[in-house]
Amino acid sequence: MTAAVFFGCAFIAFGPAFSLFIFTIAKDPLRVIILIAGAFFWLVSLLLSSLVWFIATKATNAQDLTLQKNLLIFGSIFSVILQEVFRFAYYRLLRKANEGLAAISEEDGPPLSVREMAYVAGLGFGIMSGAFSMINTLSDSLGPGTVGMFGDSQYYFITSALMTLALTMLHTFWGVVFFEGCERKRWWVIAVVLCVHLMVFSLSLLNPFYVGSILPVYAIMLLMAVWAFFSSGGSLHNITLLWTCRKSNTETSS
Amino acid sequence: MGLESSKWAIIFLVCWCLGDGNTSLQKLATSIVFFFCLSDVSCNSVEQKIYVELNNTVPCVRLLNATHQIGCQSSISGDTGVIHVLESEADLEWPLSKGPNPPYMVLLESSLFTRSIMMKMKNESNRVAGVAVVVPNTSPPEFSPHTTCPNENTGVYSDNYGPNLAHCNTTVWNPRGNGLSYEEFDFPVFSLKEDNETEFIKQCYLDHNRAVNGSAPQYPLCAMQLFSHMHAVTNTPTCMRRNDINFSINPEMVCDPLGDYNVWGSIRPYNDTVFGHKENESVVIAAARLDSRAFFWEVSTGAEGSVSGFVTLLAAAQALREVTHEAPPTRNILFAFFQGETFDYIGSSRMVYDMENGKFVIDLDNIHSVLEIGQVAVHSGTNLFLHSDPVSRRNNTVNDEVREELFSSFFSSTAGLSFLLVEPNVSQPLPPSSLQRFLRAQPIPGIVLADHESAFNNRYYESFYDNAANLNLTYPSDLSPEEQLEFVTDTAKSLTDVATVVARALYKQAGGNESLVNNIKADPKIVTQMLYGFLVSSNNSWFQAVMAPELKNILKPSPPEYYVGVAMSSTPTRLVQYLLANLTGAATNLTQSQCQKPDELPNESRQMYSYLWVQGIVPPNSTERDSFCVRASVRLTKAVSPAFELGEYASKDYSTWTESRWKFIKARIFLVASRDLEMLTLGVGVAVLFTSLLVTYFISTKADVLFSSTREPASAAY
């Protein structure tokens, strides 16, 4: 619509990812490398699944709209599955790399724990996924017009940004949970992550019924946040510890 | 965010940009991008959800002369305004003062496209973003955006020559003119046709922009954006000076002079390399003008204004062909078709300048008399008028010449015709015509033939309504295009009569054999074919046959545009050149290569004639055209104003019209959202950013407390 909408949607979609990057990733070059490589893995998974979809559309009648929509859904499901496969592949790669990094590092042991790698890899997936979802829409939001001429909702830009934000955070949490499950050889975790990803995808099909798509996705995001918190070493005890630490700090300082 | 196909396209694009994999992957990605974007799935469907491009629009562009700029201008990134369909002149209150969402883009029906409404919008132009005019298929009762006194400063009448006749003091030639074409607007004005796109725009307005019961309409509102940014400003000397700035390797031109080519042909050929005065040569010039204009750029049809005149002259030239071969007259006859006459006589002033400076095959002293054909859309029962210049007729020789020879040549030619020739009041000046430029140089006897006694009869002078319907050019409805081409309309019959009169008068004026005069007759078939080609569809079999093979693409299924333009390649000039060559020249047996190099042959000379290879007709039983070489004494001479040759860009004597350049011109419609929603989005975004920065900082500093339960040894690398 204008620069205001452009910046607003950009901040909504990429604000948390940006702040995570600045405060937790940017200082450590190894984390940056893992982030970029994670983004690349996501890209490759999307490329391969897009190839499949592209061949399917070219091989069929382009005018049949329901068939094309069904092909798109099929392609997207295939893409979700392939993303999780690539997440697993990245996990294997990082495990192998970790041994090599441990051998050449100056300290004893690996420089990054699997938990940290999980978080960074998830964030890499999330950033690239968010970029792909949002950049196209953002560039059109700079012009003077807004969506709605053909019956679409005029809240298109805001809701796209909110979905992108949710998806970025979801990928981060999935990364953490997934890697932890693989470490502990809990294979059911992988299946659950895949199912939740598919559920989020199918909720996005409900657009433009935004109440039915955005609210459940945010609910899922909160649930995944809690799960990721617990599986990365947090606990209720730590939270109370934090609270009393702060309280005692404020008591001692006042 | 639905998973749209656009996402997949961008996938490939970014893959290609960021691919740090091996090169084969990059190649695969690039090839997929290429094929994908070429397929019929669009490359960007978000943009398609927002904007609807308008394709059948015509802008109004900026023209400049020595002192002023006229026309319309938009800002460099387009002008956006909320659409308002104007219902009446009183409804102008809404966009100009009452409406709550300025600026407005006003959509006008053609009946509301009047001077008073446009001037009111011009005065409040901070609330008006632009105007779109819907041009209907039927014409209003009258409309002429030209001035009331065309070319008043570059004609012959001035304070030194007939001061009481200057500036239309005695006769206002175009009383219906509202002068809109010569006003300056600082918002864009576009014209739309009455088609599905316009219906869509009106429907969008009705759906979103109507005020319900006096309250303000709710956002989102339907808006239009017009891009027509013109590079030139102020006047011609300024823009020509800016053309010459060459700081960079690619100098940016901002304007171009208007001009094209004049077409001239003669009965006896002239050597094209010998210029200046020719001893004992006396020439009768028969002139007509080729161009016209309209308010909007390039859509000029000029049926009564110019087509009637030059079609008559072409038919007269064809009628004279036989008799001048059998019994050549004593004087030569030169047929001249001038381009650019609408813009202060570009073509005729250039020819007079060339004659004065010895750059044309004859001289002003070689001219015996001038006969010009003006607007001659005569209907049966009306008269034709022979206008002459009263000031030059005060000189007795000129007066005698005009009366004895010119008038009598005419009056004795009208036997058996459906109109009368009348001489208007002696004290009336000449109408705007090329003859005025000849008189500026030298008093030459001359007549302008027109269908109006004083003011123009043409109700649509220099407007986009001056089309075939204005000439009553109608065909029975069940004819195919080829049959329409051959059908002799009533208009064609009356123009044929005029052409016959002109041809006979020219022959007598040139001193031809009196007894042969009554054998001269113009051919109605040729006249009706020319009228069809110039006013209905230029892509017909006859025009295809007379044109050169390399020029056949300029023929289109619509009539050609008669705006003189800047590209020096205007369609009417080419058409008239080839038609004149075919109608007055001779078909030869030369082959195509000989036609290009005729000097190698003993009897042919490129200096005396021009040799044109034309397509010819398709014989009934074959598919190949019967192309042949036409030899005719038809030439083109440059019709660019002498002001540009001399570098006098502020000249008061010559035309100084230039047309501005522009980068692109387009129009689109879309919905605009309220300012509140935009600010809300920005506010939410900033809030999310700050919150996430704070939360992330907080969590990252407390991470060792929060994530401490199964800490691995030596994992303090944050």
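In this predicted model, B:Glu462 is buried, with a relative accessible area of 3%. Its salt-bridge partner is B:Arg289, and the closest N and O atoms of the two residues are 2.8 Å apart. The bridge joins distant parts of the chain: B:Arg289 belongs to strand β13 (residues 283-289) of chain B, whereas B:Glu462 sits in the loop between β18 (446-450) and α12 (481-486) of chain B, 173 residues apart. B:Arg289 has a relative accessibility of 13% and therefore counts as buried, since the limit for that class is under 20%.

A second bridge across the sequence occurs in chain B. B:Arg631 pairs with B:Glu604, their closest N and O atoms being 2.9 Å apart. Here too the pair links distant parts of the chain, with B:Arg631 in strand β21 (residues 628-632) of chain B and B:Glu604 in the loop between α17 (592-596) and β20 (610-614) of chain B, 27 residues apart.

B:Arg350 forms a salt bridge with B:Asp354, with the closest N and O atoms 3.3 Å apart. Both residues lie in helix α9 (residues 346-356) of chain B, separated by 4 residues, or about one turn of the helix. B:Arg350 and B:Asp354 are both buried. They also take part in a network of salt bridges, in which B:Arg350, B:Asp354, B:Lys638 and B:Glu645 are linked. Over all chains, the count of salt bridges comes to 27.

Chain B also carries an annotation. An unreviewed UniProt entry places the feature "domain: Nicastrin small lobe" at residues 59-232 of chain B. In the model, the end C-alpha atoms of this span lie 16 Å apart, and the span is 16% helix and 26% strand.

Attention now turns to chain A and its helix packing. Two packed helices are described by the angle between their axes and the distance between the axes. Helix α1 (residues 3-25) of chain A packs against helix α2 (residues 29-59) of chain A at an angle of about 145°, with the axes 10 Å apart. On the α1(A) side, A:Phe21, A:Thr24 and A:Ile25 meet A:Arg31, A:Val32 and A:Leu35 of α2(A). The residues of this contact divide into 4 nonpolar, 1 polar and 1 charged.

Notes:
Residues numbered from 1 in each chain as written. Chains lettered and ligands numbered in written order. Predicted model: local features only at pLDDT ≥ 70, side-chain atom pairs only at ≥ 80, totals over all residues. Heavy atoms only, no water. Axes fitted to C-alpha atoms, helices over the stretch in contact; angles between N-to-C directions. Helix = DSSP H or I, 4+ residues; strand = E, 2+ residues; numbered from the N terminus. Contact = heavy atoms within 4.5 Å. Nonpolar A, V, L, I, M, F, W, Y, C, P; charged D, E, K, R; others polar. UniProt positions renumbered as here; feature names shortened; annotations may be inferred. Salt bridge = Lys/Arg side-chain N within 4 Å of Asp/Glu carboxyl O. Buried < 20%, exposed > 50% of the residue type's maximum accessible area, 1.4 Å probe, protein only.
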